[in-house]
Every structure is written in structure tokens, then in C-alpha cells.
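Q: I'd like to go through this one with you piece by piece. Can you take my questions as they come?

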Amino acid sequence: MTDTLTTLYCYNHPNVETSLRCNNCERPICPKCAVLTETGYRCKECVRGQQKVFNTTQWYDFPIAFVIAGVLSFAGSFLAGFLSFFIIFLAPIIGVAIAESVRFAIGRRRSPQIYLTAAVGAALGSLILLANSLTIVIVYGFPGAGLLGLVWRLIYAFTVTTTVYYRLRGINIR
Ligand SMILES: [Zn+2]
Ligand SMILES: [Zn+2]
């Protein structure tokens, strides 16, 4: 509402006076053309352009994100068995590596669903050996070392999954 002194005309409707401007491209827009977004009023073109950037995910991005996250997370979970408590420091690094690999593979095509898909992939990948450890402890009754290995894998699974999700999601926060 800074243009109350100068009369503006909607760029779509040259006869309609307005005091609104699109906060992205600065063009004057009438209330009919204005779309209220999270960041203020925008013209329809800018809203459409924004959606294009954020929603360009292709169907094949989902299996790609899922497989990359799953395979890398599975590979990392082998380390969790050997590294014992060092995994507390290493799991976030593995999580970031997984997130960056997914980001590299899907490029600029991102969506909230992709972050979830990658996180689910990372979770499942890390749960394979976790389930294996669990079976050894429960079915064969090996507490002690077996139980401790289970704890490290549990920490690994949790850390990697959350790191992948928040790392990927963080990219779009502006
Ligand atoms: Zn605009
Ligand atoms: Zn208009």
C-alpha cells in the first residue's frame, strides 16, 4: 500500500485502478489478479512460475531417490556393526552423503514427496541389518555383543533417516 498517491492500473486489466503490486515482479495487479501467497500478493504468472520450479518432479525420481538412499544406507549400516560407538559421529556424515547423492541424482527436480521417499529408502536400507541383529538376539539368544550391535544399528537407522530428510528438506527453506 505504498502507492496510494500514484494511480496504478492492473497490467492485465488496463482500465482497473489498483494500489497492489506483485511482490515478485512488481507489476501492478488488481484484487482479481492478485493471489495471496505465503510471502504476500503475487500475480498469477509469478505464482505459476513458482509452482513450475517446485513441482517438476518426474515419476522416475521416486525410484531413483528410493534406491540410492536405500543402497547407500544399507552399505553404511555394515559400518555401524564394526564402528560401534563411533557410528554416533559417522552416521550424520553418512546421512549427509546420502542426501547429497540423492540431490545430485534428481538435480533441480525436487518436491516434499521426494524427501520423504529418500528418507523411507534410507530407513528401510538401515533396517535390513537391524532386523538381522534383532533376529540373532531374539531367536538365537545372543545378548551382550549382539545387543550392543543392535543399539548402534538403531542409532544409525534413526540418525541416517532424520539426517537425509532434514538435509534434503533444508535446501528449499529460504
Ligand atoms: Zn508477478
Ligand atoms: Zn487484473
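Predicted model: local features only at pLDDT ≥ 70, side-chain atom pairs only at ≥ 80, totals over all residues.

Q: Is Asp-61 buried or exposed?
A: Asp-61 is buried, its relative accessible area being 0%.

Q: And what is Asp-61 in contact with, leaving aside its neighbours within four places in sequence?
A: With those neighbours set aside, Asp-61 is in contact with Ile-106, Arg-109 and Ile-114.

Q: Stepping back, how many helices and strands does the chain have?
A: There are five helices and six strands in the chain, and from the N terminus on the elements run β-β-β-β-β-β-α-α-α-α-α. Of the 174 residues, 36% count as buried. Among contacts with a separation of 6 or more, 57% are between residues 24 or more positions apart.

Q: Are Cys-43 and Cys-46 buried or exposed?
A: Cys-43 is buried, at a relative accessible area of 0%, and Cys-46 also counts as buried, because its relative accessibility of 13% falls under the 20% cut-off.

Q: What coordinates the zinc ion (ligand 2)?
A: The zinc ion (ligand 2) is coordinated at 2.0 to 2.3 Å by Cys-10 (SG), His-13 (ND1), Cys-30 (SG) and Cys-33 (SG). In sequence these donor residues are spaced C-x2-H-x16-C-x2-C. His-13 lies in the loop between β1 (8-9) and β2 (17-18), while Cys-33 lies in the loop between β4 (28-29) and β5 (35-37), so the pair ties together parts that are 20 residues apart in sequence.

Q: And the geometry there, plus the exposure of His-13 and Cys-33: what do you have?
A: The site of the zinc ion (ligand 2) is tetrahedral, with angles of 104 to 113 degrees among its four donor atoms. His-13 is partly exposed, at 31% relative accessibility, whereas Cys-33 is buried, with a relative accessible area of 4%.

Q: On to α3: which of its residues are buried?
A: The buried residues of α3 are Ile-87, Ala-91, Ile-94, Gly-95, Ile-98, Ala-99, Val-102 and Ile-106. They cover an arc of only 135 degrees around the axis, which puts them on the same side of α3. The face turned away from that buried side carries the exposed residues Phe-89, Ile-93 and Phe-104.

Q: How does the span of α3 compare with what its 20 residues should give?
A: Helix α3 (residues 87-106) should span 28 Å at 1.5 Å a residue, and its end C-alpha atoms are 28 Å apart, which agrees. Just after α3, Gly-107 takes a positive phi of about 60 degrees.

Q: Which residues have the most contacts inside the largest nonpolar core?
A: That core has 19 residues, and those with the most contacts inside it are Ile-98, Val-102, Ala-118, Tyr-156, Val-160, Val-164 and Leu-168. At least two residues of this core come from each of α2 (61-83), α3, α4 (112-139) and α5 (145-170), and α3 gives the largest share, seven residues.

Q: What does Val-102 touch, not counting residues up to four places away in sequence?
A: Val-102 touches Ala-65, Ile-68, Ala-69, Ala-118 and Leu-168.

Q: Last one: where is Ile-155 found?
A: Ile-155 is found in helix α5 and is partly exposed, with a relative accessible area of 26%. Ile-155 and Phe-85 are 70 residues apart in sequence, and their C-alpha atoms are 9.4 Å apart in space.

Note on methods
Residues numbered from 1 in each chain as written. Chains lettered and ligands numbered in written order. Heavy atoms only, no water. Buried < 20%, exposed > 50% of the residue type's maximum accessible area, 1.4 Å probe, protein only. Helix = DSSP H or I, 4+ residues; strand = E, 2+ residues; numbered from the N terminus. Expected span 1.5 Å × (residues − 1). Arc of directions from axis to C-beta. Core = buried A, V, L, I, M, F, W, Y, C linked by side-chain atoms within 4.5 Å. Contact = heavy atoms within 4.5 Å. Donors = N, O, S within 2.8 Å, 3.2 Å for Na, K, Ca; no water. Tetrahedral: all angles 85-135°; square planar, octahedral: opposite > 155°, others 65-115°.
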